[in-house]
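Welcome! Here are a few exercises to work through with the structure open beside you, each followed by a worked solution.

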Amino acid sequence: MDLCNLSVIRSLMADAGISFRKEYGQNFLTNRIIPEDIADNCTDERDSLIIEIGPGIGCLTAELASRYKRVVAIEIDRGLIPILDKTLAEFDNVTVINADVMKTDLNAIIQEYGDGMPVSVCANLPYYITTPILMYLLESGIKFSSITVMVQNEVASRLVAPPGSSDYGAITAVIGYYGEVRKLFRVSAGSFVPMPKVDSAVVRIDLYREPRYIPKSERLFKNTIKAAFEMRRKTLLNALSAKLGYPKELISEAIAATGHHENIRGERLSTADFVRLSDYLYDNSK
Ligand code: SAM
């Protein structure tokens, strides 16, 4: 069964008595090369447990199941579960869980299905909740080998933007704390049904096995980034003074400690700069 074929998708959904649910960000892939490419490139470890978020009718799930040792797919839409039972029936290494990923205990899933294997995440993410899901995965503390996700192309550009570029933002600096991000390829809007308004892209985050940065206070590090980008048009000095509640002189010294001028804007600072800056504030604010 070609799960990317439009008539197959429509007839599976008609038989199950369901239609596309916009509120769940349902745009299903209709170009079979894409799930193959994503599955081929989402991790280098074939012996992995892959956690998939939002399997839809299972087109990517099937490609993952034929390449990797185990797949657990988490789907929020109960109406899709009978379809997945059918489309994935030939695979004995797939488990589908009907749940909201944001309310799912991923550690428990890994405990149950991981059996000591490397764990990666692979997903064509629902666009309405891309950043919260990414942050949920990264902040879970789970040592994923990689997280490979399809997101809107403009989000992908933000995730891989170098410091100083207009796309660089809080999410870029935070993700740089957890791992290395690459854009794998762009996917045209015409590769989905219903067709979204914009193109997508697949990005892969390879998480650092050992932390590359160890801020003295992770909370202060993240708050500093947040403050720097909340008031983008202000200088870093003014943005941090307004939001962090430290004396301006101290913030000025902290910026100088990163080797930058105080009139700089937040988007010029790398992840390492934000670690240095927040460490200075941490050490000198007592
Ligand atoms: N993987 C399929 C594909 O590539 O054709 C479907 C991708 S579609 C963009 C996103 C999928 O995520 C939908 O099946 C949707 O129901 C599901 N979804 C949306 N929000 C979710 C959530 N919070 N937890 C789990 N699944 C979710």
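**Exercise 1.** Find the loop in which Pro-194 is found, and say what kind of peptide bond joins Val-193 and Pro-194.

*Solution.* Start with the strands on either side: Pro-194 sits in the loop between strand E8 (192-193) and strand E9 (200-207). Next, look at the bond that links Val-193 to Pro-194: in this predicted model, that peptide bond is cis, with an omega of about -15°.

**Exercise 2.** Locate Asp-115 and describe its phi.

*Solution.* First, go to the loop that runs between helix H5 (106-113) and strand E5 (119-124), where Asp-115 is found. Then check the backbone: phi of Asp-115 is positive, about 50°, although this residue is not a glycine.

**Exercise 3.** Work out how helix H6 and helix H8 are arranged, and which residues meet.

*Solution.* Step one is the geometry. H6 (residues 130-139) and H8 (residues 170-178) pack at an angle of about 25°, and their axes are 11 Å apart. Angles under 35 degrees count as roughly parallel, so H6 is roughly parallel to H8. Step two is the handedness: H6 and H8 cross in a left-handed way. Step three is the contact itself. From H6 come Thr-131, Leu-134, Met-135, Leu-138 and Glu-139, and they meet Ile-171, Val-174, Ile-175 and Tyr-178 of H8. Sorted by class, the residues of this contact are seven nonpolar, one polar and one charged.

**Exercise 4.** How many residues surround the ligand, and which atoms of Glu-75, Ile-76 and Tyr-128 lie by it?

*Solution.* Begin with the count: 23 residues surround the ligand, and the closest are Leu-29, Gly-54, Glu-75, Asn-124 and Tyr-128. Now take the atom pairs in turn.

- Glu-75: an N or O atom of the side chain is 2.6 Å from an oxygen atom of the ligand.
- Tyr-128: a polar side-chain atom lies 2.8 Å from a nitrogen atom of the ligand.
- Ile-76: a backbone N or O atom lies 3.3 Å from a nitrogen atom of the ligand.

Methods. Residues are numbered from 1 along each chain as its sequence is written. This is a predicted model: local features need pLDDT of at least 70, side-chain atom pairs count only at pLDDT 80 or more; totals for chains, interfaces and linings use all residues. Side-chain values use heavy atoms; hydrogens and water are left out. Axes are lines fitted to C-alpha atoms, for helices over the stretch in contact, and angles run from 0 to 180 degrees between N-to-C directions. Helices (H or I, at least four residues) and strands (E, at least two) are DSSP runs, numbered from the N terminus. Angles under 35 degrees count as roughly parallel, over 145 as roughly antiparallel, 65 to 115 as roughly perpendicular and the rest as oblique. A crossing is left-handed if the near helix is turned anticlockwise from the far one by less than a right angle, and right-handed if clockwise. Contact means heavy atoms within 4.5 Å. Ala, Val, Leu, Ile, Met, Phe, Trp, Tyr, Cys and Pro count as nonpolar, Asp, Glu, Lys and Arg as charged, and the others, Gly among them, as polar. A residue is near a molecule or strand if one of its heavy atoms lies within 4 Å of it. A polar contact is a pair of N or O atoms within 3.5 Å; within protein, one must be able to donate a hydrogen and the other to accept it, and residues adjacent in sequence count only if both atoms are side-chain atoms.
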